[in-house]
Amino acid sequence: MVELAYLLAGVLFIVGLKGLTSPRTARRGNRIAALGMLVAIIVVIVDLIGLDAKLAWGIVLGGMVVGGGIGLLLALRVQMTDMPQLVAAFNGFGGGSSALVAAAAVVATNAVIPTETAVTTSLSLIIGAITLTGSFIAFGKLQGIVPSKQVFLPGGTATNAVIALGAVVAAGVGIFSDSATAYWIATGLAAILGVTTVLPIGGADMPVVISLLNSFSGIAAAMAGFVIGNQALIVGGALVGAAGLILTIEMAVAMNRSIPSILFSQFGGGATAEDIGTKPVNRATADDVAIALAYAERVTIVPGYGLAVAQAQHAVKDLANALEERGIEVTYAIHPVAGRMPGHMNVLLAEADVSYDLLLDLEQANPRFPQADVALIVGANDVVNPSARTDPDSPIYGMPILNVDDAKTTIVVKRSLSPGFAGIDNPLFYEDNTLMFFGDAKQALEETLVAVDAL
Amino acid sequence: MSSEFIAGIVVFVLAAFVGFEVIAKVPRTLHTPLMSGANAISGITIVGAIIAAATGTGVLAAVLGFLAVTFAMINVVGGFLVTDRMLEMFKKIPGKR
């Protein structure tokens with residue numbers, strides 16, 4: 001009976017995930033998955049009470065109240081612009097919990113575990129610990145607590161390989177000699193590995209990192225399912241592991257890079273500081289930008305991370321409204337890795353009440369740029385850098401980009417000429433038909449709106 | 001290998017395939033809510049956490065169990081709630097295009 005109830009939870013997860021694949025059904029899908037979770041929680045509690053009513057319920061209740069309260073607070077308080085770091089943190093808590101479940105199993109059995117379960121216990125400990133610490137470094141980078149630039153550690157990849165090998169060896173000792181200490185060493189090394197792997201990864205690669213950690217949190221949960229012999233964990237964990245992996249691959253493809261190269265290679269360089277900022281650009285004022293926009297027929301807005309930083313989503317929408325009132329067609333072109341997590345820009349624009357059918361994918365947007373009068377780039381850089389098409393020496397060569405330079409006029413709203421996270425110069429900025437409007441995205445767009453209204 | 005363990009592997013592999021099939025064609029617009037919703041599902045480890053917390057004996061087991069339940073609950077409650085908040089905003093505004 002209990003098994004069947006867990007099966008129901010698993011089915012609700014699958015139906016829920018299916019719902020999450022279409023905008024119309026997504027909200028219901030999420031609620032169906034939440035219902036599956038509720039079923040699983042009720043089942044486990046009822047099942048345990050049936051076994052023995054005098055268990056440590058105080059601890060369970062305490063954890064549920066504290067954890068539930070923290071989760072509630074975080075979910076209700078978060079700004080949409082801060083969503084990437086919140087998802088990173090939630091990933092970390094999920095992975096950490098799976099590692100703790102495996103750790104509790106080690107304690108409960110004094111590390112005397114049958115070999116097959118011992119292997120999954122080790123995997124749960126190691127993957128869970130990597131997810132926990134890796135996610136919190138990602139959180140720190142996105143929140144600005146940890147430097148979001150690449151931080152190079154001594155030894156680089158070789159150091160990580162040694163730590164990883166050490167964790168595997170320690171886990172092997174734990175499995176074959178029933179040593180709890182060996183398991184703890186493996187867990188500790190994995191926790192260090194999470195830090196040393198994510199720390200060197202630059203902010204622009206965060207969409208890949210967060211997706212991968214999401215996948216890891218699922219795999220850790222599935223492994224914990226093997227540890228305690230529970231099918232609900234195996235099903236839920238496998239689903240999330242698969243979902244995270246699909247997103248990871250899609251993000252990597254969108255950057256034309258392999259997952260190992262993101263995780264283990266040093267990236268960036270190219271132009272030096274002297275190169276940048278010495279070449280002449282067309283500086284524009286709010287009035288120049290307003291005129292270019294107001295006399296256009298078709299405007300495509302290209303948002304990037306700068307829009308999130310400046311919280312400029314509402315300012316973009318207000319400007320778009322003003323243009324639409326003038327009969328101008330406004331669409332949005334979203335690069336798959338714009339922002340700091342997959343779909344980041346879509347969430348922000350949804351918050352500003354932009355209809356989701358106006359948001360165009362890379363494949364939909366590129367054929368339209370030649371017909372666009374203005375491409376308005378707000379806080380994006382690397383995803384519109386033409387050297388990805390033209391310069392085989394560029395670190396981002398081959399990455400699919402939004403071909404904004406096909407538009408008649410390109411307007412770039414940007415704080416300064418500083419390079420993006422890839423650390424490379426952008427030839428787009430020096431084109432004759434590019435107008436550079438320097439400033440904070442929100443302020444710049446608000447000024448532009450005033451200027452448009454005054455025309 | 002015990003038959004229970006093998007059954008577990010079967011379930012794992014099949015569930016992973018279902019996951020790939022269901023999610024392979026998600027529109028990019030939904031990537032963030034999908035990730036956040038999937039992340040909440042990985043909080044299913046709450047079941048293991050509750051078992052660990054309820055059945056553990058000794059101080060260390062109690063601490064591990066308490067932390068496991070707390071972490072998993074943050075993931076579950078926060079994950080589903082924030083996904084709902086996000087999806088509430090996704091609208092197709094009629095009359096445009």
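Lys and Arg are counted as positive and Asp and Glu as negative, whereas His and the chain ends are not counted; the place of a charge is taken as NZ of Lys, CZ of Arg, CG of Asp or CD of Glu. On this basis, chain A carries 22 positive and 35 negative side chains, and the centres of the two sets are 5 Å apart. In chain B, the mean positions of the 7 positive and 4 negative charges are separated by 20 Å.

The structure is a predicted model, in which local features need pLDDT of at least 70 and side-chain atom pairs count only at pLDDT 80 or more, while totals for chains, interfaces and linings use all residues. Residues are numbered from 1 along each chain as its sequence is written, chains are lettered from A and ligands numbered from 1 in the order in which they are written, and side-chain values use heavy atoms, with hydrogens and water left out.

The secondary structure of chain A consists of 17 helices and 6 strands, where helices (H or I, at least four residues) and strands (E, at least two) are DSSP runs numbered from the N terminus. The radius of gyration of chain A is 25 Å, close to the 23 Å that the globule rule gives for 455 residues, so chain A is as compact as a globular protein of that length. This radius is taken over C-alpha atoms, and the globule rule is 2.2 Å times the number of residues to the power 0.38. Along the principal axes, the C-alpha atoms of chain A fill a box of roughly 75 × 50 × 35 Å. Of the 455 residues in chain A, 57% count as buried (buried, under 20% relative accessible area; exposed, over 50%; partly exposed, in between; 1.4 Å probe, protein chains only). Among contacts in chain A with a separation of 6 or more, 77% are between residues 24 or more positions apart, a contact being heavy atoms within 4.5 Å. The accessible surface of chain A amounts to about 17,100 Å², and carbon and sulfur atoms account for 63% of that area. Accessible areas come from the Shrake-Rupley method with a 1.4 Å probe, and for residues only the protein chains shown count as cover.

Chain B has 4 helices and 0 strands, in the order α-α-α-α along the sequence. Its radius of gyration is 19 Å, whereas a compact globule of 97 residues would have a value near 13 Å. The C-alpha atoms of chain B occupy a box of roughly 65 × 30 × 15 Å along the principal axes. Buried residues make up 58% of the 97 residues of chain B, and 70% of the contacts in chain B with a separation of 6 or more join residues 24 or more positions apart. The accessible surface of chain B is about 3,700 Å², of which 71% belongs to carbon and sulfur atoms. In helix α3 of chain B (residues 46-55), 8 of the 10 residues are buried, so this helix is largely enclosed by the rest of the structure. The buried residues of α3(B) are B:I46, B:V47, B:G48, B:A49, B:I50, B:A52, B:A53 and B:A54.

Several individual positions in chain A were examined. A:S122 lies in helix α5 (residues 115-143) and is buried at 5% relative accessibility. The side chain of A:S122 reaches the backbone oxygen of A:A118 at 2.9 Å. Apart from neighbours within four places in sequence, A:S122 is in contact with A:A171, A:I175 and A:Y183.

A:D178 is placed in the loop between α6 (157-177) and α7 (180-198) of chain A and is partly exposed at 32% relative accessibility. With residues up to four places away in sequence not counted, A:D178 touches A:N110, A:A111, A:V112, A:I113 and A:V173. The C-alpha atoms of A:D178 and A:N433, which are 255 residues apart along the chain, are separated by 69 Å.

A:N110 is itself located in the loop between α4 (83-109) and α5 of chain A. A:N110 is exposed, with a relative accessible area of 63%, and its phi is near 55 degrees, a positive value in a residue other than glycine. A positive phi of about 70 degrees is also found at A:D353, which is not a glycine. A:D353 lies in the loop between α14 (344-351) and β3 (359-360) and is partly exposed at 36% relative accessibility.

A:N403 is situated in the loop between α16 (387-390) and β5 (409-414) of chain A. At 15% relative accessibility, A:N403 counts as buried. Residues up to four places away in sequence aside, A:N403 touches A:N366, A:F369 and A:R389.

Methods
A polar contact is a pair of N or O atoms within 3.5 Å; within protein, one must be able to donate a hydrogen and the other to accept it, and residues adjacent in sequence count only if both atoms are side-chain atoms.
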